[in-house]
Amino acid sequence: MRFLSKKQESSMADINNKNQSRSKILMAFTTSASIAAIGALSMTAPTIASAKDIQPSSANYTFMVEDKYKGTATRALSKSGNAWKYDVNARVAGVASAAQYSTFTIKGNSVIPTQASTTYKLLGIGRTHKLDFNPSSKKVVSNYRGKSTTLNMAQQAFDDLSLEVQIRQDLLNGKFSGNYYMAKKDKIEKTPFKKSGNTKITVPAGTFDTVRVDRIHDDNSRSTSFWLAPSLDYLPVKVSQINDGKKMDLELSKVN
């Protein structure tokens, strides 16, 4: 029995497609804007005295999805003793939100993640993905939608945010070389990047000299670029991403 006319069904399908589009872009924001994210990580760290560390920070951002959905985000990196925490929160008012955090330690130049969580919601309905890292056993436990998967780390793997910090550490200490490994929902994936030169850019927070870093995707329809400011310990100043034909641009609006 048909309850909706063909015109009504078509309208409902358009709404569902738009909601799915917004959800994908918001998920992309939590990953790509957190630099999802450079250098083959050696398991042997340099001496602690020789490595520079990034400093705690807090910053605000604005982002635009498909040139019509405007959102805001905050990013806060904090330290307590030897423990670090990175929090990212983003929202498109009345539509969607995302919350992400990562905890880790830094030894020498090496970032060692311990736990990570990403939660995204669309119209009040959402999903959470959690990662628990065990460096001593070289394993990561991934939990998503009630399923737990144990992943083996032949190489040190990262979540999105701890990967960003490792990238920034490597740039700060001249260790950038291009290859990282990221823990996903059901696998550990090699994630290559490349440096694409230096440029001066202007964003709402001001004008900055930046290093551009591009993620190398297997799919030519996807692109991800980051502009990182050396004067801010390589904090992301701008991020631009195209995913499934949907464009997202994020810019720094304030350093707190």
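Across the whole structure, a search finds three aromatic pairs, where rings of Phe, Tyr and Trp (its six-membered ring) pair if their centres lie within 6.5 Å, and planes under 30 degrees apart count as stacked, over 60 as edge-to-face and the rest as tilted. One of them joins Phe-158 and Tyr-180: the ring centres are 5.5 Å apart and the planes stand at 85°, so the pair is edge-to-face. Phe-158 lies in the loop between β8 (147–152) and α2 (160–172), and Tyr-180 in strand β9 (residues 179–183), so this pair links distant parts of the chain, 22 residues apart. Phe-158 is buried, with a relative accessible area of 0%, and Tyr-180 is also buried, at 1% (buried means under 20% relative accessible area, exposed over 50%, partly exposed in between, with a 1.4 Å probe and protein chains only).

The model is predicted: local features need pLDDT of at least 70 and side-chain atom pairs pLDDT 80 or more, while totals for chains, interfaces and linings use all residues. The charged end of Lys-185 sits over the ring of Tyr-144, 4.9 Å from its centre, and that of Lys-238 over the ring of Trp-227, 5.1 Å from its centre. Here, a charge sits over a ring if NZ of Lys or CZ of Arg is within 6 Å of the ring centre and within 35 degrees of the ring normal. Helices (H or I, at least four residues) and strands (E, at least two) are DSSP runs, numbered from the N terminus.

Methods
Residues are numbered from 1 along each chain as its sequence is written. Side-chain values use heavy atoms; hydrogens and water are left out.
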